[in-house]
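Me: I'm new to this one and would like to know what the words used for it really mean. Could you take me through it, with the cut-offs?

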Amino acid sequence: MNERAGCEVSEKLEPSPVSIAATAASRMRGLLGTESCSETLFLIPCRGVHTYGMRYPIDVAFANGDGLVVAVRRGLEPNRRVMGGKAVMALEREHDPSRAWFKEGDRLALSIFREAKREGFR
């Protein structure tokens with residue numbers, strides 16, 4: 001969801017697969033070690049991210065406990081560290097200047113879909 005109170009949204013975010021990094025080890029690793037990544041990583045809890053050892057720049061959106069985006073960094077180069085202010089969670093993905101990304105004031109909304117493994121389950 002990409003909406004702002006009282007103003008029209010100029011860019012539409014396309015849905016993308018999201019992986020969740022909820023353990024200390026998975027948050028520390030993040031996107032590290034990937035050549036390229038087509039999905040978005042959701043880090044929780046998270047007050048800051050680093051790009052030490054990364055091979056490409058990333059886009060980061062930090063949000064508070066209400067899902068309000070409080071800080072955004074686009075094209076964060078490798079070997080950097082950035083804090084998200086009052087953030088408690090973050091989304092990060094490989095930087096692509098041609099794709100829309102969050103702006104401060106946006107509100108995060110995540111939808112969870114699971115593939116049915118049992119026959120006849122919908």
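Me: Which residues does Leu-31 touch?
Reply: Leaving out residues up to four places away in sequence, Leu-31 touches Cys-37, Leu-41, Met-54, Tyr-56, Ile-58, Glu-92, Arg-93 and Glu-94. A touch is a contact, meaning heavy atoms within 4.5 Å. Keep in mind that this is a predicted model: local features need pLDDT of at least 70, side-chain atom pairs count only at pLDDT 80 or more, and totals for chains, interfaces and linings use all residues. Residues are numbered from 1 along each chain as its sequence is written, and side-chain values use heavy atoms, with hydrogens and water left out.

Me: What makes a group of residues a nonpolar core?
Reply: The members are buried Ala, Val, Leu, Ile, Met, Phe, Trp, Tyr and Cys residues joined through side-chain atoms within 4.5 Å. The largest such core here has 17 residues, and Leu-31, Val-49, Ile-58, Val-60 and Phe-62 touch the most other members. Elements giving two or more residues to this core are β2 (40-43), β4 and β5. With 3 residues, β4 gives the most. There's also a second, separate core of 11 residues, including Phe-42, Val-69, Leu-91 and Phe-102.

Me: Why is Ala-71 called buried?
Reply: Buried means under 20% relative accessible area, exposed means over 50%, and partly exposed is in between (1.4 Å probe, protein chains only). Ala-71 has 16% relative accessibility, so it counts as buried. This residue is found in strand β5 and touches Val-60, Ala-61, Phe-62, Gly-84 and Glu-104, not counting residues up to four places away in sequence. The C-alpha atoms of Ala-71 and Gly-84 are separated by 5.7 Å, though the two are 13 residues apart along the chain.

Me: How much of the protein counts as buried?
Reply: Of its 122 residues, 34% do.

Me: What makes Arg-74 and Asp-59 a salt bridge?
Reply: The rule asks for a side-chain nitrogen of Lys or Arg within 4 Å of a carboxyl oxygen of Asp or Glu. For Arg-74 and Asp-59 the closest N and O atoms are 3.3 Å apart, so the pair passes. It links distant parts of the chain: Arg-74 is in strand β5 and Asp-59 in strand β4 (residues 58-63), 15 residues apart. Arg-74 counts as partly exposed, at 33% relative accessibility, while Asp-59 is buried, at 0%.

Me: How many salt bridges are there in the whole structure?
Reply: A search finds 2. In the other one, Asp-59 pairs with Arg-93, and the closest N and O atoms are 3.1 Å apart. Asp-59 lies in strand β4 and Arg-93 in strand β7 (residues 89-94), so the pair ties together parts 34 residues apart in sequence. Both Asp-59 and Arg-93 are buried. Salt bridges that share partners join Asp-59, Arg-74 and Arg-93 into one network.

Me: What about Asn-79: where is it found?
Reply: Asn-79 is in the loop between β5 and β6 (81-83). Its phi is near 65°, a positive value in a residue other than glycine. Its relative accessible area is 47%, so Asn-79 is partly exposed.

Me: Which elements make up the protein?
Reply: There are 1 helix and 7 strands, running β-α-β-β-β-β-β-β from the N terminus on. They are DSSP runs numbered from the N terminus: helices are H or I with at least four residues, strands E with at least two.

Me: What is the mean pLDDT of the protein?
Reply: pLDDT is the predictor's confidence in each residue, from 0 to 100. The mean is 82, and 81% of the residues reach 70 or more. Over residues 1-10 the pLDDT is below 50, and beyond near neighbours in sequence this stretch has 15 contacts in the model.
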